[in-house]
Amino acid sequence: MVDASAVRVQGLWKRFGQQVAVAGIDLELPAGRFIGLVGPNGAGKTTTLSMVTGLLRPDQGTVEVVGRDVWRDPAEVKARIGVLPEGLRLFERLSGRELLAYTGRLRGLPGAEVDKRAAQLLDLLDLAGSQHKLVVDYSTGMRKKIGLAAALLHNPEVLFLDEPFEGVDPVSAQTIRGVLEQYTGSGATVVFSSHVMELVESLCDWVAVMAAGRIRATGTLAEVRGDADSLQQAFLELVGAGGRDTAAGLDWLGGRAAR
Ligand SMILES: Nc1ncnc2c1ncn2[C@@H]1O[C@H](COP(=O)(O)OP(=O)(O)OP(=O)(O)O)[C@@H](O)[C@H]1O
């Protein structure tokens, strides 16, 4: 039987000293969807994605990805997922092309196949002209794109992206978007974290809302949006900031205030 869940999380906890980053969440993410994990700064999105992708050991709880326990069967899971983590560390002294060649061989792909896929991805992501430049000389957006290429090279079943559009110009964002839409269109799953609601609303068909270490809502975009005008509005109501007067108390700020 085909497992319809890409990710299944149960009772997941992570504390850093006194700080509870993830407070015992349960989460089931369906396969074949474009999924957004949204939440304000400090909500616990990165901590959750790190535990789900085998980068950070949970204090408690279980994580299954494509039906396998991430922490009991890490090699099997890691062979079937791609990850673009936050603050991605790359081999700075390799060129973009070398980085992909290295990643592909590490993934066990034959050399000729790596060459073919690398050339296509570099071309698609508009990096062909910079493929022989060292990664250390890449801009923020170029780093995201080469990181994405490296994460896609072995054709993973599930792709996890932590803030993939941060620091990326609109043209590159559109390119990344096209690649991801084609990827999910063929039945693969994308899970990406963001606090940019418009982006999530325009890209995702399934959403999980996180705040203060807990999951506040999950479901299709329409289910989570409910009667609100936009995902942004629904999100503000869910995280309890809907009625906050953002400027209250800042009477010293602005051109008409005394300096
Ligand atoms: N290594 C760490 N040591 C101590 N505290 C941490 C660590 N990593 C995360 N935290 C804390 O855990 C909480 C959740 O952080 P996390 O980075 O997961 O949030 P986030 O939703 O990804 O936020 P953002 O959107 O700002 O990246 C925050 O309060 C953060 O300060």
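Student: Which element supplies the largest share of the shell around the ligand?

Tutor: Bear in mind that this is a predicted model. The largest share comes from α1, with 3 residues. Both α1 (45–52) and β2 (19–30) supply at least two residues of that shell.

Student: Which residues are around the ligand, and how do they divide into nonpolar, polar and charged?

Tutor: The residues around the ligand include Gly 42, Ala 43, Gly 44, Lys 45, Thr 46 and Thr 47, and also Phe 16, Gln 19 and His 195. The shell divides into 8 polar, 3 nonpolar and 1 charged residue.

Student: How should I read the side chains of a strand, and which way do those of β7 point?

Tutor: In a regular strand, side chains alternate between the two faces of the sheet. In β7, Val 158, Phe 160 and Asp 162 point one way, whereas Leu 159 and Leu 161 point the other way.

Student: How many residues of β7 are buried?

Tutor: Strand β7 (residues 158–162) is mostly covered, with 5 of its 5 residues buried.

Student: Which strands pair with β7, and in what sense?

Tutor: Strand β6 (residues 81–84) pairs with β7 in the parallel sense over 4 bridges, and Ile 81 stands opposite Val 158. Strand β8 (residues 189–194) also runs parallel to β7, joined by 5 bridges; here Phe 160 stands opposite Val 191. From β7 the chain passes through helix α6 (residues 170–185) to β8, a right-handed β-α-β crossover.

Key. Residues numbered from 1 in each chain as written. Predicted model: local features only at pLDDT ≥ 70, side-chain atom pairs only at ≥ 80, totals over all residues. Near = placed C-beta within 6 Å. Nonpolar A, V, L, I, M, F, W, Y, C, P; charged D, E, K, R; others polar. Buried ≥ 20, exposed ≤ 12 C-beta atoms within 10 Å, placed from the backbone. Pairing = 2+ DSSP bridges. Right-handed = clockwise from strand over helix to strand, strands pointing away.
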